[in-house]
Amino acid sequence: MSPQSSSSRRRPLRTHHAATAGVAVLAAALTACSGGDSGSSGADKAAEKPKISVNLKGQQAKAGGPVTVKLADGKLKQVTVADDKGTKLPGKVSANGTTWTSQRVAAPGTAYKVDAVSDEGGSAKASFKTAAPAQVNKVTLAPGKGTTVGIAQPLSITFDHPVRNKAEVEKQLKVTTSNDTTGSWGWIKNHDGKDRVDWRPKEYWKSGTKVKLDARLNGVDSGGDDWFVRDYATRFTVGKSQVVKVNLDSKTATLVRDGKAVKSLPMSAGTPGGEKASWGGTSVLMSKEGTINMRSETVGLTGSNSYDKMVDYSMRLTWSGMYAHAAPWNASYFGNTNHSSGCVGMSTGDAGWLYGQVQIGDPFEVTGSGSKGVPEPGNGYGEWNVDWSDWQTKSALK
């Protein structure tokens, strides 16, 4: 037996075992971060100290902030943080490769799983759950998804609960238009007192403009521990360019399309000199409601001013109850006297024709004498009565 053979038996190779141990440490790292204990001692236990850490842990982690995953030694190759529905938080690895940070915040009441892979091939996992929200804030969007609207229709978001963190909420609202339309968000009070934020163009939309809203609100605290727990989105197209011009002096309502008068209709607007007067300025067609029951008490009129009528071809212009509609009982006043309870009344035939021509979002521009001023921005879509420079100051980010 040669001396070389005897020496080989006394010095076994260790390469395979060392590589296996290195992978085991990395794979166990996130589990160790969340409190796991392998039960090892001495040198083995020291080797299993956490190498990767996650800033959120446990079952009551704080929502509303980004998720960060850190690697003590080596570089991160890939990190995935996903909720229990499989939705992933987007994120990026830092330039030095040691930290991954999510670009979206962790939402409340949500369970997340973390999967991390190092550039050496080691992998690790962790999990956490954020605390449930004290109260959920929901929104109502207008216009609806996939609709075609008139040139004065703003983007409008009404909130169920007060919004105290207006700037933070507004940062998450992204408007994209097909022709780079200039516009601004403005915070107002809806007619029912709820917080509302509208995005209106500097001028009326151009016909054919495509508009998209991405409201990335999931995980945002609106203030007072009222949280949003989902994102919202809508998109719409601007239709025909048309305006209804209501002249209180000539007692006519004229549909103007692409700058040209299509038809002028005799009408009777609100009786001047009191609460029965019509609103002036610009209102926007909010809805086409067809035949509805109109009762005077809903707009604060009682006694000799009371009424209870079924009204055809009803076109809502304000939350406070101003409509354009058929008013055959007022036929003797059409074209000569303003003698209604605040609405723009026409013959049944004329109202039916106009009802068929207008689209949600068309502006009704009321001019002439005898109005009771202009509606507040939150009374329907009254923001067109606010100068552009003043409207911009209503943004929380200006």
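Which residues is Leu-173 in contact with, leaving aside its neighbours within four places in sequence? I looked this up in what is a predicted model. The contacts of Leu-173 are Ile-157, Trp-185, Val-197, Leu-213, Asp-214, Ala-215 and Leu-217.

I then turned to the cores. Leu-173 is among the residues with the most contacts inside the largest nonpolar core, which has 24 residues; Ile-157, Phe-159, Val-169, Trp-185 and Leu-217 are listed with it. I noted that β11 (155-159), β13 (183-189), β14 (195-201), β15 (210-215) and β17 (232-238) each give two or more residues to this core. A second, separate core has 23 residues, including Val-246, Trp-279, Met-346 and Tyr-355.

Next I examined Gly-239, which is placed in the loop between β17 and β18 (242-247). Its relative accessible area is 11%, so I recorded Gly-239 as buried, the limit being under 20%. Beyond four places in sequence, Gly-239 contacts Thr-148, Val-149, Ser-207, Gly-208 and Gln-359.

Finally I consulted the UniProt annotation "active site" (unreviewed entry), which covers His-325 and Cys-343. Although these are spread over 19 residues of sequence, they cluster in space, with a largest C-alpha distance of 7.5 Å. I located His-325 in strand β24 (residues 323-326) and Cys-343 in the loop between β24 and β25 (344-346). His-325 is buried at 6% relative accessible area, and Cys-343 is buried at 8%. Not counting residues up to four places away, His-325 touches Cys-343, Met-294 and Met-346, among others. The contacts of Cys-343 include Ser-268, Ser-278 and Tyr-323.

Terms used
Residues numbered from 1 in each chain as written. Predicted model: local features only at pLDDT ≥ 70, side-chain atom pairs only at ≥ 80, totals over all residues. Heavy atoms only, no water. Core = buried A, V, L, I, M, F, W, Y, C linked by side-chain atoms within 4.5 Å. Buried < 20%, exposed > 50% of the residue type's maximum accessible area, 1.4 Å probe, protein only. Helix = DSSP H or I, 4+ residues; strand = E, 2+ residues; numbered from the N terminus. Contact = heavy atoms within 4.5 Å. UniProt positions renumbered as here; feature names shortened; annotations may be inferred.
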